[in-house]
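Try each task on your own, then follow the solution step by step.

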Amino acid sequence: MLTNLSVDQRVALVVGTLSLVMLGLIWLGYRRVRAAQQLPYFTLRHRRVREGWRLILLGFALGIFGLFARLFGVQAVQVLITPTPSLTPTASLTPTATITLTPSITPTPTITLTPSITPTPSATSTPGIPEALTVLFRETVTPRPEAVFSPLEFSQRLDRLNRAIGPAEAFENPVEILFGAFTYDAMDDGVRWTALWYFGGEIVCSETKPWDGGTGGYGFTDCAPLDGFQPGEYEVRMFLGETWEVSGRFLIVGPVAQATATATP
């Protein structure tokens, strides 16, 4: 245990821990900087490079602190904490054996009731793609394990970089079209991606096609139902290949605007 370690051993333990953390931070920062060079978007690349160098500098700072702890740690502890002399152990009295009482009556164990029915936890289903859509899959490009979509942001407009303008979780009718904006990374062109828009367990919009947006950046999926957005809760599910990646929900409030008939003479 740590309480049984000497001052030298504790200082060595701290220095070893700092060295491992330093190496981990430098390696992680180097990986972050190297991966950022492959991003085509300047903003994402600049942010990843800055995060990588920040981790590298933090690792060097911990390394310098560990070096000072190795050189001056023991002296500093001895200055701050004055060691106290240990007590010389003295012989203790030999204990006298005591009489052990034997119980005259052995208690009878009680019966433990066993439940007749064991509750079984319910299984949580993972979203999947309907078989009617999987027959369209013909691509041989397999998504990389590190490929990722960000959480969806819903809005009625996008800017020129495909970012959501005024994202919200609820919208009031009339709503003609909605966009689900997201960011992505570590993607490969040719990978099959799918977006399914659900309302009441039914698919109201869907798109599935090979990916053509490059490695990283901003993307979106959109939906404009023929009958308009009915009031209620909607769910959008995103897939890479046949693997579910992310889902998002939003709410539509208010009835659908009805078209007004014009009398013709």
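Predicted model: local features only at pLDDT ≥ 70, side-chain atom pairs only at ≥ 80, totals over all residues.

## Exercise 1: A nonpolar patch

Task: list the residues of the nonpolar surface patch that includes Leu-67, and name the helix in which Leu-67 lies.

Solution. Leu-67 is found in helix H2, which covers residues 42-80.

## Exercise 2: The largest pocket

Task: find which residues lie nearest the centre of the largest pocket, and which helix gives the most to its lining.

Solution. The volume of the largest pocket is about 460 Å³. Its lining counts 15 residues, and those nearest the centre are Arg-31, Ala-35, Gln-38, Glu-146 and Asp-185. Now turn to the helices: H1 (residues 7-36) contributes the most, with six lining residues.

## Exercise 3: Walking across the sheet

Task: give the strand order of the open five-stranded sheet, then work out how its strands pair.

Solution. As a reminder, strands of a sheet pair through backbone hydrogen bonds, either parallel or antiparallel.

1. The order is S3-S9-S8-S5-S6, and the pairing is mixed. At the edges are S3 (170-172) and S6 (202-210), each of which pairs on one side only. Neighbouring strands are turned by 20° against each other on average, ignoring direction.
2. Begin at S3: three bridges join S3 to S9 (residues 243-253), and these two strands run parallel. Here Glu-172 stands opposite Val-253 of S9.
3. Move on to S8 (residues 232-240), joined to S9 by nine bridges in an antiparallel arrangement. Gly-232 has Ile-252 in S9 as its bridge partner. S8 and S9 make a hairpin with two residues between them, and Gly-241 in the turn has a positive phi of about 65°.
4. Finish with S5 (residues 192-199) and S6, which run antiparallel and are joined by eight bridges. The bridge partner of Arg-192 in S6 is Pro-210.

## Exercise 4: Backbone exceptions

Task: decide whether the peptide bond from Asn-173 to Pro-174 is cis or trans, and whether phi of Asn-162 is positive or negative.

Solution. Recall that most residues other than glycine have a negative phi, and most peptide bonds are trans. From Asn-173 to Pro-174, omega is near 10°, and the bond is cis. Pro-174 sits in the loop between S3 and strand S4 (178-185). Asn-162 has a phi near 65°, a positive value in a residue other than glycine. This asparagine, Asn-162, lies in the loop between strand S2 (153-155) and S3.

Key:
Residues numbered from 1 in each chain as written. Heavy atoms only, no water. Patch = residues over 30% accessible without salt bridge, like charges linked within 9 Å, V, L, I, M, F, W, Y side chains within 5 Å. Areas by Shrake-Rupley, 256 points an atom, 1.4 Å probe, with all protein chains shown as cover. Salt bridge = Lys/Arg side-chain N within 4 Å of Asp/Glu carboxyl O. Helix = DSSP H or I, 4+ residues; strand = E, 2+ residues; numbered from the N terminus. Pairing = 2+ DSSP bridges. Axes fitted to C-alpha atoms, helices over the stretch in contact; angles between N-to-C directions. 1 Å grid on protein atoms, 1.4 Å probe; cavity = no way out; pocket = protein on both sides within 12 Å on 5 of 7 lines; lining within 4 Å. Points joined across faces, edges and corners; volume = space filled by probe spheres on them.
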